[in-house]
Amino acid sequence: MITPSQTVGPFFGHALPYETGPDLVPDGYPGAITVTGRVLDGAGEPVPDALLELWLGETGTRGVLRRDGEGASGFGRCATAPDGTYRFRTARPAGPYLALLVFARGLLRAVATRVYLQDGPDPLLDSLEPERRATLVAREDGDVYRFDVRLQGEGETVFLEF
Amino acid sequence: MTHPPNLSPAYRSTILRAPSRPAVAFKTDPDAIELTSPVFGHQEVGALDADLTRQHAGEPIGERIIVTGRILDSSGRPIRNTLVEAWQANAAGRYAHEGDRHPAPLDPNFTGAGRCLTDDEGRYRFVTIKPGAYPWRNHHNAWRPAHIHFSVFGTAFTQRLVTQMYFPGDPLFPFDPILQSVPDAAARERLVAAFDLDVTEPEWALGYRFDVVLGRTPTED
Ligand SMILES: [Fe+2]
C-alpha cells in the first residue's frame with residue numbers, strides 16, 4: 001500500500017533549498033572537493049528547475065539542515081541554476097562513490113544515480129557496458145569533479161533501482 | 001504498479017525528461033550507502049516551522065486547516081524523527097515563487113513552506129490554509145487540483161519520496177495528467193487525504209488525515 005510518487009513540480013524554490021544546502025563542509029575544510037556539473041534533458045538542453053540531493057552515507061557532525069561547527073555534513077541539497085548547473089562542496093566519501101538523487105518538473109519520480117570519483121573494480125560498475133559505465137564516473141580536475149546528469153537520450157546516465 | 005511511469009506523455013514535461021532506459025536493478029551490495037539515510041536532530045527544525053499560518057506578522061487569507069498523518073514503512077511500522085517538508089500555493093492558487101506567473105494575488109502573510117519531524121508514532125502535523133487550484137500550460141484550460149507537495153525521508157535513501165496530497169472530492173481529478181499518471185486507481189486514492197472530524201478543531205480549523213507509506217528497502221525483500 002505504498003504511496004505513489006508525484007513530481008516535485010517547478011515551484012519548490014521557496015521551500016526545499018536552504019542556505020547552506022550545497023555546502024556540506026565549511027570553507028577551508030581539509031581535503032574538501034567540489035562536485036559540479038549540469039543536468040540536461042533529452043534534447044541536450046539544460047534543466048533549470050531540477051533539485052539534486054547528495055548523500056555520503058553518514059549524517060556527519062555538522063547537521064543536516066542547520067550547519068553547526070567545523071565538521072562535515074553527509075547530506076546536501078542544491079537546485080540547478082538557469083543554465084542547468086549545480087555545485088556541491090563536500091568531504092570525500094568513505095567509499096568510492098556518492099549517492100545522488102535528482103528531482104525535477106517532468107520527473108514523476110526522482111531518479112537515483114551514483115557519482116564515482118574514479119573508475120575501479122566495483123560490483124555496480126562491473127555490471128555495466130563500457131559506455132554506460134562511463135556515465136557514472138566523474139571527470140577529475142584537481143579537487144573538482146565534474147559529473148553531468150543526462151536524463152534521456154545519447155549518453156543517458158545510468159539510473160538505479162534498488 | 002504504484003508509482004507513475006516516468007514517461008507519461010499527457011504530462012508534457014515528461015517527454016524530454018523521462019529516462020528512456022529502465023533503471024538498473026541493483027541489489028547485490030549490502031554496504032550500499034543508499035541503505036542509510038540522514039538522521040535529523042530536533043534543533044534542525046524550528047518550533048513554528050510546522051504552522052504555516054504563523055510565519056508572518058498577520059494571518060494568511062483562506063480556510064484554516066490541519067493536516068496530519070503518519071509516515072510508515074511498508075510493513076506499517078512508524079518512521080520516527082524523520083523529516084517531512086510541505087509546500088503549497090496560497091488560497092488564491094499562487095505560489096510565493098518568482099517563477100509563478102498566475103495572475104492571482106500573493107498573500108504577504110503566507111509563504112507556503114513548512115517542515116517538521118515525526119514523533120515516536122511516526123506522526124507529523126501541519127497547520128496551514130487550504131491551497132487554491134491553479135492553471136498551468138500543459139494543455140488547453142489545464143488546472144491543477146488543489147494539492148500540498150510533500151517531501152519525506154525515511155530510514156534509507158532508497159525510500160526518499162516526494163509526492164502530492166489532494167483534497168477529497170475535487171472535480172479536477174479526472175482532468176489532471178499528474179494525478180492520472182498513477183496507473184492504478186486504488187493507488188491514486190492513496191494520494192487523497194481524508195476529511196476527519198476527530199482532527200477538526202471546533203471553532204478553529206477543518207482536519208485532514210494523510211498517511212504516507214514508504215517503499216521497502218532492498219534488505220527487506
Ligand atoms: Fe503544485
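Reply: Happy to! A residue is buried under 20% relative accessible area, exposed over 50% and partly exposed in between, using a 1.4 Å probe and protein chains only. This is a predicted model, in which local features need pLDDT of at least 70 and side-chain atom pairs 80 or more, while totals for chains, interfaces and linings use all residues. Residues are numbered from 1 along each chain as written, chains are lettered from A and ligands numbered from 1 in written order, and side-chain values use heavy atoms, without hydrogens or water.

Rings of Phe, Tyr and Trp (its six-membered ring) pair when their centres lie within 6.5 Å; planes under 30 degrees apart are stacked, over 60 edge-to-face, and the rest tilted. Over all chains, this gives 17 aromatic pairs. In one of them, Phe40(B) and Phe153(B) are edge-to-face, because their planes meet at 70°, with centres 5.0 Å apart. Phe40(B) sits in the loop between β1 and β2 of chain B and Phe153(B) in the loop between β8 and β9, so the pair ties together parts 113 residues apart in sequence. Phe40(B) is buried at 6% relative accessibility, and Phe153(B) is buried at 1%.

Another edge-to-face pair joins Phe195(B) and Tyr208(B), 5.9 Å centre to centre with 75° between the planes. Phe195(B) belongs to β10 of chain B and Tyr208(B) to β11, 13 residues apart; strands are DSSP runs (E, at least two residues), numbered from the N terminus. Phe195(B) is partly exposed at 41%, whereas Tyr208(B) is buried at 6%.

Finally, ring pairs link Phe40(B) and Phe153(B) with Phe157(B), Trp55(A) and Phe75(A) into a cluster.

Definitions and conventions: Helix = DSSP H or I, 4+ residues; strand = E, 2+ residues; numbered from the N terminus.
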